[in-house]
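Take a walk through this model, from its overall build to single residues.

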Amino acid sequence: MIPKITVGSGGTYGLITYLYGPGKANEHTDQHMVASWNGFAPDPGPHADREALAKLARQLDLPVKSLPRAQRPKTTIWHCSVRAASDDRQLTDDEWAGIARRIVNAAGIAPEGDTKACRWVAVRHAPDHIHIAATLIREDGRTARRNFDKRAVQAEARAIEKDFGLRELHPGDGTAVKRATSAERHKADRRGLERPVRDQLRDNVRRALAGAATEEEFFRRLTAQGIRINKRLAPSGDVIGFSVALPGDRNRDQQPIWFSGSKLAPDLSLPRIRKRLATTTLFPDDPAEATPHAGPARARRTGTATTAQALGTLDDSDDEAVADQLVGVGEVLDALAQTAPSNTRAELREAARSFERATRFHVQAGNRHNRALRRAARDLVRSGPALGKGEEGAATAMFLSLLITAAVMAAHWHAARGHAQQAAAAHQTANHLRAAYQAAAGTSVASMRERGQSLPAAARHQASEALYAVLPDQVARIQAEPNWPALVATLAEARQAGHDPATLIHRAVGERTLDTADSLTDVLLWRLRRHADLPAAPTYARQRPRHNPSPSPAAAGLPLPLQAPARRR
């Protein structure tokens, strides 16, 4: 349940007219009152005329109008929308009335049992939400005391969710981005857009920022995506801010609708973007910049190694270092999503959107510890789109296997510090990454599994011995997993390449705990292939079916049988 509070000045006629009107996109239906301050306020109904609306507004405004004009406060109107989650059951009018009373009580608008409290009404014009309109002057002429009303109402909403058996949301900490308004959502529906313009522009800006080296490159990438840019200039001509607009998104005056970076997200303001770019000083002076761009497979292998090294920071007690690495992982996800093949693109975009919430908490990233991750994001973007098969597809699966671990570790780190929304976002990221991994890994793992099944029993015995030397308590579980033959094939390849399997397994296990792995086999085989520098998508020669033919007479030392002469026609 999501409450949203706004305040205003003047009378309530405009607000009442909106609540009982058709809405900005004719989305309001069956407009009616479910509760009021006295239980019998006049309800204008779904087809209200001006007089009925004015009558209700006059009654609401009476305590305000009773004060001399000079004594009236600047803020006189309190408005709170209360929306149920999309998967909640449909509440009755009586249930919404009880919710409205609990909200105004928590906010200090109308404390329970206070006969001199403020006047208010609750209006329902959609199945999933209500609006509470109130004036802030009490019946006794005093101004309502609503100290920290937003925080109190949010806490009451969490209690309402439990009491009514609704979906329980996580308490906020004030670091979330501004949600798209109902008008923006309806406009997106009318235009056939997948997401509201505000959300779509936020994605565009983050993709342009992923791995960008300079401010000029950032703006160039935005332009390449077809986004309109309006730079705000100081009298000196210096750029001091920017706004973006989606082509075709215009207001009633046919003017573009601009969103500043800070309105999209706090960390997307130009000063914050400059801080991220300046502290990494990315790559113009880097000698590696002069080398040819890595291909998609190599960029993914390098990104996997870089991310594996960065995960050690998530065990660190330095919150700023963790914040930096989370921002870096977020950029890697943004870069991976925009270069992903079609079979993983949708899930990776959702993963990047979810993880963006996990990067924002009360510790602001200083971006002093994520240079390597930002470089990995840059390499991914510069390497171009990857194929969904062969070495590129398998390298994507290898990368995703590690990113799942990163998301789970981020969730545990946030949960340990009481960051409920960030932990939930990281868990959601892991779910999207698991779905993308299944799509990316199918062909390559199936090939490894088939190879392992064709190997002799001695290879499986050697693999079991190596595992028992390092993971004696996990051998039975690993051998029971469906991809155990793929791990056997990987260990056989590693042995053939000159590696000691037990030593290699010890290195793979020491890199990161396996406690959070869904499949020990999958996690191990990709770590082993990375540490042994084996191809992500190995190419196996076709094996002849194994059989034991009878030895020829000559091989057995027996005389050759006499051949019958050929018959003549």
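Helices (H or I, at least four residues) and strands (E, at least two) are DSSP runs, numbered from the N terminus. By that count, the protein has 21 helices and eight strands. This is a predicted model: local features need pLDDT of at least 70, side-chain atom pairs count only at pLDDT 80 or more, and totals for chains, interfaces and linings use all residues. Residues are numbered from 1 along each chain as its sequence is written, and side-chain values use heavy atoms, with hydrogens and water left out.

Start with the overall form. Along its principal axes, the C-alpha trace of the protein spans about 125 × 65 × 60 Å. The radius of gyration is taken over C-alpha atoms, and the globule rule is 2.2 Å times the number of residues to the power 0.38. For a compact globule of 569 residues, the radius would be near 25 Å, but the protein has 32 Å.

Next comes burial. A residue is buried under 20% relative accessible area, exposed over 50%, and partly exposed in between (1.4 Å probe, protein chains only). Buried residues make up 49% of the 569 residues in the protein. Contact means heavy atoms within 4.5 Å. Among contacts in the protein between residues at least 6 apart in sequence, 72% join residues at least 24 apart.

Now look at helices that pack together. Two packed helices are described by the angle between their axes and the distance between the axes. Here the axes are lines fitted to C-alpha atoms, for helices over the stretch in contact, and angles run from 0 to 180 degrees between N-to-C directions. Angles under 35 degrees count as roughly parallel, over 145 as roughly antiparallel, 65 to 115 as roughly perpendicular and the rest as oblique.

Take α1 (residues 13-20) and α2 (residues 50-65). They pack at an angle of about 130°, and their axes are 9 Å apart. The two helices α1 and α2 are therefore oblique to each other. On the α1 side, the contact is made by Y13, I16, T17 and Y20. On the α2 side, R50, L53, A54, L56, A57, L60 and D61 take part. For classes, Ala, Val, Leu, Ile, Met, Phe, Trp, Tyr, Cys and Pro count as nonpolar, Asp, Glu, Lys and Arg as charged, and the others, Gly among them, as polar. The contact of α1 with α2 holds eight nonpolar residues, one polar and two charged.

A second pair is α10 (residues 296-310) with α14 (residues 390-416). Their angle is about 15°, with the axes 8 Å apart. So α10 and α14 are roughly parallel to each other. From α10, the contact draws on P296, A297, R300, R301, G303, T304, T307 and A308. From α14 come E391, E392, A395, T396, M398, F399, L402 and L403. By class, the contact of α10 with α14 has eight nonpolar, four polar and four charged residues.

Stay with α10 a moment. Q309 lies in this helix. At 68% relative accessibility, Q309 counts as exposed. Q309 and D87 are 222 residues apart in sequence and 40 Å apart in space, C-alpha to C-alpha.

S269 sits in the loop between α8 (261-264) and α9. Is S269 buried or exposed? S269 is buried, with a relative accessible area of 14%. Not counting residues up to four places away in sequence, S269 touches F242, G261 and S262. K275 lies in α9 itself. At 36% relative accessibility, K275 counts as partly exposed. Leaving aside neighbours within four places in sequence, K275 is in contact with Q364 and A365. The C-alpha atoms of K275 and E139, 136 residues apart along the chain, are separated by 51 Å.

Helix α7 (residues 215-224) comes next. Its buried residues are E215, E217, F218, F219, R221 and L222. Just after α7, G226 takes a positive phi of about 85°.

Finish with two loop residues. Phi of F148 is near 55°, a positive value in a residue other than glycine. F148 is found in the loop between β5 (129-135) and α4 (149-164). With a relative accessible area of 61%, F148 is exposed. For D533, phi is near 55°, again positive in a residue other than glycine. D533 belongs to the loop between α20 (520-531) and α21 (553-556). At 56% relative accessibility, D533 counts as exposed.
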